[in-house]
Amino acid sequence: MTASDSFRSIEETVRATHGRPGLAYWLGLALAGGLAAFGGWAYSLIVRTGLHWTGLQRPGMWGNLITDFVFWVGIAHSGTLISAILYLFRARFRTAVYRVAEMMTVFAVMTAGLYPILHLGRPWFAYWLFPYPNQRELWMNFRSPLIWDVFAVSTYLIVSTVFLLVGVAPDAAALRGRATGWRRRLYSFLAFGWHGTDEQWRHYTRAYLFFAAFATPLVVSVHSVVSWDFAVSVLPGWHSTLFPPYFVAGAILSGVAMVITILVPLRRAFRLEDLITPRHLDMLARLVILTGLIVTYSYATEILLAAQEPASDPERSTFLYRMTGPYAPVFWTMIACNCGGPILLLSRRVRRSTPALLVICVAINVGMWLERFNIVVTSLSHDRLPFDWRVYVPTWVEWAVTFGAFGWFFFLFLVGLKLLPPVSIAELKEEAAHLAAHAGAEEASRGR
Amino acid sequence: MSDPSQRLLGRRAFLQVAGAAGAAAGCSPKAATERLVPWMVAPEDIIPGRPLFYRTACRECSAGCGVTARTREGRATKLEGNPEDPIGRGALCARGQAAIQSLYHPERFKGPLRRGAGGALAPVSWDEAEDALAKAIAAARAKGPGRIRLLTRLEPGSTGAVQRTFMQAAGARPEDRVVLEPLDPAPLRAASEALLGVAELPVVDLSAARTVVAFGADLVETWRSPVELARQLADGRGRLGAERRRLAWVGPRLALTGVSADRWIACRSGGERAVALGVLRGLLDPASGIEVAEEVRPLAPLVLRHAPAELAARAGVAWPGIERLARELAARRPSALLAPGPQSQAPDATALAAVVLLVNLALGNVGRTVRYGLDPGADAPSSAAEVRALVSALGAGEVDVLLLQHADPLGTLPAALGVREALARVPLVVSFALRPDPSTGAAHLVLPDHHALEAFEDLVPRRGVVALVQPVMAPLADTRQASQVLMEVGAKLTPPAPFPSTDPFDVVQARAAEHARAALGAAPPDLAPVHRAALQRGGYWFEPKAAPAPALRAAAAAPYLDLPPAPAPGARALALVVFPTPLRGDGRGADLPWLREVPDALSSVSWSPWLELSPATARRLGVRTGDVVAVATAAGRVEVPAYVSPGVRDDAAGLPLGPEALALLPAGDGAHLVWAGAPVTVTSTGKRTRLPLLEGSPYQHGRQLVPTVTAAAPSPPRPDLSATMYPEPVHPEHRWAMAIDLDRCTGCQACVVACHAENNVPVMGPDAAREGRYMGWLKVERYLGDEPGGALDVRLLLMLCQHCTNGPCEPVCPVYATYHTAEGLNTQIYNRCVGTRYCSNNCPYKVRTFNWRDARFERPLDLQLNPDVTVRSRGVMEKCTFCIQRIRYAENEARDEGRPLADGDVVTACAQTCPTRAIVFGDAKDPASRVSRLSRDGRAFRALEEVNARPAIAYLARVKEREP
């Protein structure tokens, strides 16, 4: 197979994903859209008459919605990790998967970004959290971690969107040629006048490297900032210096698990098995193992530190409460999923079995959601004054908003799949050319 | 220029449209209705934006505390005590604070009503109503005496005088006027009559007592004059060692008064008398060598015949505890022993009262702490026998007209008395109630009375105190003061009743001469200025002439010194202990929103009745808190949720006074109502309910949140917080701070209700309470002990915003909605708050409340809203502001008067109304201020000090003297 053959086959395979959608796609889109609409309607109840629809009460003023926020910010992390950090480290296996990861990142940030607004008592004043000049000379409080959040999440949204679009430009140009109608206009726009000239390639690779370098610290910083929402408080169970690295590792764990969760059905549905190979999945699974072990270590550290305290210490009490109180099922499910799952993956046989990998990654996603629930909710419901202790139970409205967010995310993702190339054509071609050149050189040397 | 017709809007067209639009706007119906009427002649005294204060008196119970009503723009907004009044001394209890809600109650009758043929109450005019009543009275009088009856609350003043004159004119006998005070300690009156020959209640003065023993007398909740007694008790508190006033509580259930007690003698229900006899025995025992009053000495043989072990067995407690109490009382004179209260008012409560009186006599307390001769004799509650006689007369059809004046027999008497059936036999029941109560359901004519804040009357709660009740605002509805109605109806009789006028104001004026003469010792030459001054002050107060000390009739005491009955062996039934709570009192006014919303201090339950069961009983029955249990006595059966509390004996069950308790209580056949001791069977129904509870865990879990001190360890342990990297925050002028003396705090909740009133804190209802969304800014946190199942060690912690110097809530707010002011206040800016709720999460004290939904202030309750305080909308956080509006008011007053703020100028609503003065507010920058001095006290500690939030509230630890 020559390089041009393989170029064509890559382009064909990718273009095939943009074909007329089948019934399954429409059903999936309708399901996701319906779920999102239902969540939106449930949320409108809160906007119309107040947060009494939730199960929140004193002392548990945060619940499902903040859990969702942290969860989705976490999901967003692996995209940048895979596309930027692994790019800088020249990890080849990223090529096939990074576009899906990047799309996931952007849509996950778009989902996460809703929550800080959704959970406000007066969401119509959400813009007060942004610095804007106003005649009342009111400013925001830069000491508040919530303001750091606003900056972290909005920065992350901008950078990850730009990074995605920069990567898409050469592919859009490739797709532009065969496209007609509105698609042609869309790809013309997304190609940003790309013609594949040498100069453009030179600028492009420079720019891509720059953005990769720019996005890399965000992987660490954004979720660290999110962790500060909790760590800078004085609440037992939140107030911990361990939180930033622990949150980053957890975010990558959940993000990579989500990438695998999406890739496994995707490569099947769109016949991308040739491009996204078991080797790619295996490499991602190893990333899951690494971050899973970091997370396990963090859990152990937290528990051991708390266990050293005297019996009357609120910190220790909170950890005992997590393990034995009404939220114990949440805690132990979380341990089983987030510690047990990655450990199972240590076995090559499990890792190489696509169904097992999928099941474990879904379990890790559930476990990571429960981890955030565990952190947010159990700490609040078991504060320093026992007289205030109360158990928070989410209401159907909060569940509707939670699942509605999944609907919203998958709706965006399904639409995105049909509009953007789910794997990077340009980079695959580059790799194919690279391989072909290697093969040619080898043949030449053998022939000699 | 192009062709004009081509233009979109030409000059003519424009004028046409503009003219038409202008005309249409002029024709709109809206334009005609809005009319501003300038205040050409402003009402006298009213300055918009400035409060105007009136002195009056509280009518929520028979104590007669003075009231200062704050009015704004012609409407009352807040009730506070009258600092000059000798009873309340500026304080009001929770019910007194809530009285303003009965003024603005949405269900208040708007005018007179008559029950029509269809059985529904329909409006009538006052003339018609009074004519109908006059006709009925005349017809009933013609049939002979006893056909007209009046059931009234205690009216020791002008209203009572009007009632008596009216009844006389209507041809009634004196006994046809029955005075209903369900919680009156009638056995004490009976015992006083039997032993001393004076049928009156003594006035208790605890200010000299070194030890107080309450045999079920709930002086913090409802007994006699709770504000006064709690204050007198607390005035001897807050100090260490022997000088501290001690309190012992005797009863099967630890009442709120018992929480303030240093010792709980947990006798069985009905065992109080055995404890009292045991104390008397301990005093009279010649071996003890205790000096007792000679007049009691002859009774010694009658007392000493009871063996200590026998008495202890009858009491259900160990003998040494009783003996120790006797020794302590002998050593710490004078003391005061109080009995009975509802929780000890068993069938033999007269004997209990008699024995306790003998102990008081033996210790020389009578005349010092238990003072006879102060009963004004103006009015006295009828005995239960008289009430029963009335009910049977009603039931026998012997009564044609029954007048109910602030007496609610259906809502305050045991259902077993058969009042409902009896009322059905009366052709005309006339109610003067302000709003629907159970008895108005049986009324044929409703003649709504003025609220006390709209009425003129005087009250003589005891000799030397004349409280003047005057209107603080114009009546809200077409109501008429009951006295006026009686006088007007009396004028229609033939011959007319001898009333000089029909105006209650004239009655008070006419009686003023008598009061002034008593107060001044001689008739004043000109009464008008004297009475005017008294009205401004709130009453006439003077030292009454001492009455001769009554002498004991020793022979009469003998029957009371028999051994109390032994508990039936092997009885499985529990003893029902019905207790009144400080919020609901005897049941009148218990439907006021604040009183239902504020959780009970002991159980933390709101909006619901509950049955207190001990953990052992609950285990035996297989019930947990929140399980619905069926409670049955011989009189009835009700279902209530259980509340498991270690504060009740295993052989007793506590039930708050209310409709459920009334359904269970026996009718009784003695001279007093029986609240305690009815055998009750409790069974699980298998149903469960979400009990509206404020508490999470009632245990401290080893955290030492509420430390106590002893003489040996006079200071609570405090962490060393000297290490800091941050500069001290600067408070240039003031640093507002508070000190709360937990040795004085009784948990009576007056402050909580006052806070609701002052700060427009909304009432959210039972569902919100179940969901943990109670909005109160102030809460009484009550811990039962250290660990579940451990020793009972009740501690109260009044929790409100601590106004921390390093407030953890402040840095986390993204929009500066909460911040630290230069005066040290942690303020909350409602219109800047976006509702992230992070401040609450980061508050270690969890004192912030969130508006989960828009609060409703049902008309006309909204008229009570304090115009100086914003009503918060949904989506924003709120919390205690240290009554910033009162701070600003005091600052402005001082500035107007050109003087600096003095200590005591600023008083928060909670501190203002605290009966025990446990709360002190002031400027911590002023080292001489009371709050500064208290903060430096050895007992001072700060809540959760290790968090280093540096709260502005200093708590002074409760003193717990351990028994040797």
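Two strands count as paired here if DSSP finds at least two bridges between them. In this predicted model, strand E35 (residues 940-941) of chain B meets that cut-off with E36(B), since the two pair in the antiparallel sense over 2 bridges. Within that pairing, Phe941(B) has Tyr955(B) of E36(B) as its bridge partner. Strand E36(B) also picks up a parallel partner, strand E27 (residues 736-741) of chain B, through 4 bridges. There, Ala739(B) sits opposite Ala954(B). As for the side chains of E36 (residues 953-956), Ile953(B) and Tyr955(B) point one way, Ala954(B) and Leu956(B) point the other way, and all are buried.

Elsewhere in chain B, 4 strands make up an open sheet with parallel pairing, in the order E11-E10-E9-E12. Strands E11 (263-265) and E12 (335-338) of chain B take the edges; each has a single partner strand, so one side of each goes without a neighbour in the sheet. On average, and ignoring direction, neighbouring strands in this sheet are turned by 15° against each other. Looking at one pair in detail, E10 (residues 246-250) of chain B is joined to E11(B) in the parallel sense over 3 bridges, and Trp249(B) stands opposite Trp264(B) in E11(B). Helix H12 (residues 319-331) of chain B lies across E9 (211-215), E10, E11 and E12 of that chain, and it runs at about 140° to E9(B).

Gly289(B) belongs to the loop that links helix H9 (272-284) and helix H10 (300-304) of chain B.

Helix H17 (residues 482-492) of chain B gives another picture: 9 of its 11 residues are buried, so the helix is mostly covered. The buried residues of H17(B) include Ala482(B), Val485(B), Leu486(B), Met487(B) and Val489(B), along with Gln484(B) and Glu488(B). Among the elements covering them are helices H4 (126-142), H5 (158-169) and H18 (504-520) of chain B, plus strands E14 (401-405) and E17 (457-462) of chain B.

Over in chain A, there is a helix pair to look at. Packed helices in general are described by the angle between their axes and the distance between the axes. The axes of H3 (residues 64-88) and H14 (residues 354-381) of chain A come within 9 Å and cross at roughly 135°. That makes H3(A) oblique to H14(A), and the crossing is right-handed. On the H3(A) side, the contact is made by Ile66(A), Thr67(A), Val70(A), Phe71(A) and Gly74(A), while H14(A) brings Met368(A), Trp369(A), Arg372(A), Phe373(A) and Val376(A). Sorted by class, this contact of H3(A) with H14(A) has 7 nonpolar, 2 polar and 1 charged residues.

Finally, the two chains meet, with 39 residues of chain A in contact with 42 residues of chain B. Helix H6 (145-176) and helix H11 (314-324) of chain A each supply at least two residues of the side of chain A that touches chain B. H6(A) gives the most to that side, with 3 residues. By class, the residues of the side of chain A that touches chain B come to 22 nonpolar, 10 polar and 7 charged.

Conventions. Residues are numbered from 1 along each chain as its sequence is written. Chains are lettered from A and ligands numbered from 1 in the order in which they are written. This is a predicted model: local features need pLDDT of at least 70, side-chain atom pairs count only at pLDDT 80 or more; totals for chains, interfaces and linings use all residues. Axes are lines fitted to C-alpha atoms, for helices over the stretch in contact, and angles run from 0 to 180 degrees between N-to-C directions. Two residues are in contact if their C-beta atoms, placed from the backbone, lie within 7 Å. Ala, Val, Leu, Ile, Met, Phe, Trp, Tyr, Cys and Pro count as nonpolar, Asp, Glu, Lys and Arg as charged, and the others, Gly among them, as polar. Angles under 35 degrees count as roughly parallel, over 145 as roughly antiparallel, 65 to 115 as roughly perpendicular and the rest as oblique. A crossing is left-handed if the near helix is turned anticlockwise from the far one by less than a right angle, and right-handed if clockwise. A residue is buried if 20 or more other C-beta atoms lie within 10 Å of its own, exposed if 12 or fewer, and partly exposed in between; C-beta atoms are placed from the backbone.
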